[in-house]
Amino acid sequence: MRMQQPPDHASHDEDDGTAGEPDHRFTLANERTFLAWLRTALGLVAGGVAIQQLVPGLASEVTRTVLAALCIGLALVIAAAAYPRWRTVQRAMSRGGPLPRNVLLPVLGFGIAVITALALVLVITA
C-alpha cells in the first residue's frame with residue numbers, strides 16, 4: 001500500500017525522481033507508534049513485577065514467577081523490536097515504497113492471549 005502525500009508536500013524530488021523526506025505528519029505518527037510500543041512494554045514489565053510481588057495469594061511462587069516472566073519476556077521482545085520497526089517504516093516512507101508487514105502484532109496478540117489464559121486459570125482456581 002503506497003501512502004498518499006498531500007499535494008503541497010511532494011515525496012519525490014521534481015528533478016531526479018529520488019525519494020525525499022516523508023510528510024512530517026507521517027513521521028510524527030510513526031514516532032507516536034514507536035512510543036506506544038514502548039509504553040506497552042513498560043506496562044507488561046509493571047504487570048510482571050506486580051504479579052510477582054503484590055499478589056502472593058494468587059498462586060504458588062513458581063506459578064507467579066512463570067506468569068511474571070512471560071509478561072517481562074514479552075516486554076523485552078516488544079522493546080527490542082520497536083526501534084527496528086520504526087526505522088524500517090521510516091525508510092519505506094522516505095523511499096515512497098510500501099510499508100513493511102508488522103510481525104509485532106501477532107506476537108503481541110498471541111503473547112497477551114497466553115498470559116491472559118494463564119491468569120484466568122489462576123483466578124478461577126484460586
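Trainee: In which helix does T27 lie?

Mentor: T27 lies in helix α1. The model is a predicted one, in which local features need pLDDT of at least 70 and side-chain atom pairs count only at pLDDT 80 or more, whereas totals for chains, interfaces and linings use all residues. Residues are numbered from 1 along each chain as its sequence is written, and side-chain values use heavy atoms, with hydrogens and water left out.

Trainee: What pattern does the protein follow along the sequence?

Mentor: The pattern is α-α-α, with 3 helices and 0 strands in the protein.

Trainee: Why is T27 called buried?

Mentor: Buried means under 20% relative accessible area, exposed means over 50%, and partly exposed lies in between, with a 1.4 Å probe and protein chains only. T27 has a relative accessible area of 19%, so T27 counts as buried. Buried residues make up 27% of the 126 residues in the protein.

Trainee: Which residues does T27 touch, not counting residues up to four places away in sequence?

Mentor: T27 touches P22, Q90 and M93 on that count, where contact means heavy atoms within 4.5 Å. The C-alpha atoms of T27 and V89 are 9.1 Å apart, although 62 residues separate the two in sequence. Among contacts between residues at least 6 apart in sequence, 60% join residues at least 24 apart.

Trainee: What makes Q53 an exposed residue?

Mentor: The relative accessibility of Q53 is 56%, so Q53 counts as exposed. Q53 lies in helix α1, and its C-alpha atom is separated by 9.4 Å from that of A68, 15 residues apart along the chain.

Trainee: Where is P100 found, and why is P100 called partly exposed?

Mentor: P100 is found in the loop between α2 and α3. At 26% relative accessibility, P100 falls between the limits and so counts as partly exposed. Leaving aside neighbours within four places in sequence, P100 is in contact with R85, T88, V89 and A92. P100 and V89 are 11 residues apart in sequence and 6.6 Å apart, C-alpha to C-alpha.

Trainee: What makes a set of residues a nonpolar core?

Mentor: Such a core is a set of buried Ala, Val, Leu, Ile, Met, Phe, Trp, Tyr and Cys residues joined through side-chain atoms within 4.5 Å. The largest one has 16 residues, of which W37, L44, L67, L74, I78, L108 and I115 touch the most other members. The elements that give two or more residues to this core are α1, α2 and α3 (104-125), and α2 gives the most, with 6 residues. Leaving aside neighbours within four places in sequence, L74 is in contact with L44, V107, L108, G111, I112 and I115.

Trainee: What is the volume of the largest pocket?

Mentor: The volume is about 180 Å³, the space filled by probe spheres set on grid points that are joined across faces, edges and corners. On a 1 Å grid over the protein atoms alone, a pocket is an open set of points with protein on both sides within 12 Å along at least five of seven lines, whereas a cavity is a set where a 1.4 Å probe fits but cannot get out; lining residues have an atom within 4 Å of a point. Of the 13 residues that line the largest pocket, A29, N30, T33, V89 and L99 are the closest to its centre. α1 (24-54) and α2 (61-95) each supply at least two residues of the lining, and α1 gives the most, with 6 residues.

Methods: Helices (H or I, at least four residues) and strands (E, at least two) are DSSP runs, numbered from the N terminus.
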